[in-house]
Amino acid sequence: ALGNPTTDKLRVLFFDNTDPDGMDKVLAELGSELGQTLCIVISKSGGTKETRNGMLEAEAAYKQAGLNFGAHTVAITGAGSELDRYAVKNSWLRRFPMWDWVGGRTSVTSAVGLLPAALQGIDIDALLTGAGDCDQATRQPEITNPAARMALMWYYTGNGRGAKDMVVLPYKDRLELFSKYLQQLIMESLGKEKDMDGRVVNQGLSVYGNKGSTDQHAYVQQLREGVANFFVTFIRVLQDRSGKPFFVEPEVTSGDYLDGFYLGTRQALYEKGRESLTITIDSVTPRSVGMLIALFERTVGLYASLIHVNAYHQPGVEAGKKAAGAVIALQAQVLSVLKANPGKAFNPAELASALGSPESAETVFHICEHLSANTRLIKKGTGYLYSEI
């Protein structure tokens with residue numbers, strides 16, 4: 001949102017998934033610049049597999065280029081964590097502390113977000129000033145508190161049950177990723193099976209969106225005339241660009257059209273009984289982005305209190321990680337059976353039976369299918385053989 005390719009101090013690239021092809025793409029973009037590249041590894045514990053895998057892949061790339069990975073790398077992590085110890089052991093450049101009570105989705109205004117932003121050249125003091133100003137505004141009585149008003153809107157329009165999805169439509173290219181940020185902040189915080197008293201409530205608020213006006217062509221047709229299972233959060237930015245306006249028609253700019261699309265879409269939805277709220281900012285600056293981040297963080301906390309759930313834990317995420325770990329363990333067992341029987345082809349059902357868990361045959365099939373596509377198994381008819389790499 002705040003980057004400027006012509007003035008940024010550093011170019012920022014991310015490993016944001018445990019996808020080898022995605023990591024190869026980033027490394028290809030760096031090319032010969034790897035030796036002039038700082039690597040920041042961010043993980044509260046160091047045990048999160050996606051982050052760990054990215055670190056190991058980056059470390060291997062640096063070593064392959066004949067570079068000392070530790071001399072190019074810093075950590076943002078909890079004091080004494082697995083990652084902290086690894087950084088000390090391998091003489092990394094620096095370690096920046098992350099508080100244990102800060103969750104990933106609320107870490108933007110901690111070292112997690114501020115260090116990369118500062119290195120890029122973003123004014124992090126202004127970002128924090130905006131967040132601090134919003135913090136003060138959201139500690140006021142409900143009638144003047146913007147976070148309380150937005151939380152009440154969410155509660156009202158979704159009947160306190162998340163009965164309607166929230167479609168986030170920022171009318172600014174720079175805020176294109178804001179809906180994806182809000183998707184994690186809101187859905188991970190509010191999507192809970194049980195409330196604070198242990199009762200099963202299955203709460204949540206689904207979030208999706210992209211940018212206006214581009215994505216009006218993608219789904220505003222349904223928003224206006226289809227299933228009325230949503231409300232819209234518009235984000236309107238008043239300033240089109242810095243500098244002199246350019247007119248595409250007499251006294252009309254491209255920005256006039258963008259604002260016209262926002263106003264027209266809002267009216268068209270209203271005519272069909274579709275509810276919306278609008279957040280207006282003057283321009284996209286470090287201060288205004290800090291305010292937006294703080295506004296939604298506070299709203300999530302207040303809404304969680306209205307529906308009586310804990311916004312600051314994520315048991316479902318941990319369950320997914322445990323399930324993935326079980327699959328990796330099953331894969332190791334599959335490979336063990338195939339290695340112990342060289343030249344013999346097993347189909348997935350036979351492998352599952354050999355492992356004493358015939359009910360896992362479908363998962364074994366998917367494991368074998370993936371390993372075969374990556375030349376680690378050889379497919380023979382309906383069976384699989386171990387492949388020496």
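What relative accessibility does Glu33 have? Glu33 has 38% relative accessibility and counts as partly exposed (buried means under 20% relative accessible area, exposed over 50%, partly exposed in between, with a 1.4 Å probe and protein chains only). The structure is a predicted model, in which local features need pLDDT of at least 70 and side-chain atom pairs count only at pLDDT 80 or more, while totals for chains, interfaces and linings use all residues. Residues are numbered from 1 along each chain as its sequence is written, and side-chain values use heavy atoms, leaving out hydrogens and water.

**Close-up A. Glu33 and Arg11 meet in a salt bridge.** The closest N and O atoms of this pair are 2.6 Å apart (a salt bridge is a side-chain nitrogen of Lys or Arg within 4 Å of a carboxyl oxygen of Asp or Glu). Glu33 lies in the loop between helix H1 (20-30) and E1, and Arg11 in the segment before H1, so the pair ties together parts that are 22 residues apart in sequence. Helices (H or I, at least four residues) and strands (E, at least two) are DSSP runs, numbered from the N terminus. Arg11 is exposed, at 51% relative accessible area. In total, the structure holds 15 salt bridges.

**Close-up B. Strands E1, E2 and E3 make an open, parallel sheet.** The strand order is E1-E2-E3 (two strands pair if DSSP finds at least two bridges between them). At the edges are E1 (39-42) and E3 (94-97), each pairing on one side only. From one strand to the next, the twist averages 20° (axes are lines fitted to C-alpha atoms, for helices over the stretch in contact, and angles run from 0 to 180 degrees between N-to-C directions). E1 and E2 (residues 73-77) share 4 bridges in the parallel sense, with Cys39 opposite Thr73 in E2. Helix H3 (residues 82-89) lies across E1, E2 and E3, at about 155° to E2. Contact means heavy atoms within 4.5 Å.

**Close-up C. Asp84 and Arg95 link H3 to E3.** Their side chains form a salt bridge of 2.7 Å, N to O. Asp84 sits in helix H3 and Arg95 in strand E3, 11 residues apart. How accessible are the two partners? Asp84 counts as buried, at 10% relative accessibility, while Arg95 counts as partly exposed, at 44%.

**Close-up D. Helix H4 (residues 111-120) carries a set of buried residues.** They are Val112, Leu114, Leu115, Pro116, Ala117 and Gln120. The cover over them includes E1, E2, E3 and helix H5 (124-137). After H4 comes Gly121, with a positive phi near 110°.

**Close-up E. A parallel, open sheet of 4 strands runs in the order E7-E4-E8-E11.** Its edge strands, E7 (207-209) and E11 (276-281), each pair on one side only. On average, neighbouring strands are turned by 25° against each other, direction ignored. E4 (residues 165-170) is joined to E7 by 3 bridges, in parallel, and Met166 has Val207 as its bridge partner in E7. Helix H6 (residues 146-157) lies across E4, E8 (230-237) and E11, at about 160° to E11. Helix H8 (residues 216-225) lies across E4, E7 and E8, at about 135° to E4.

**Close-up F. A salt bridge joins Glu275 and Lys164, at 3.7 Å from N to O.** Glu275 is in the loop between helix H9 (254-271) and E11, and Lys164 in the loop between H6 and E4, so the pair ties together parts that are 111 residues apart in sequence. Glu275 is partly exposed at 22% relative accessible area, and Lys164 is partly exposed at 21%.

**Close-up G. Some backbone details deserve a look.** The Gly212 to Ser213 peptide bond is cis, with omega near 5°, and Ser213 is in the loop between E7 and H8. Asn202, in strand E6 (residues 200-203), has a positive phi of about 45° although it is not a glycine. His308 also has a positive phi, near 65°, and belongs to the loop between helix H10 (286-307) and helix H11 (315-340).

**Close-up H. Asp135, Arg139, Glu297 and Arg298 are linked in a network of salt bridges.**
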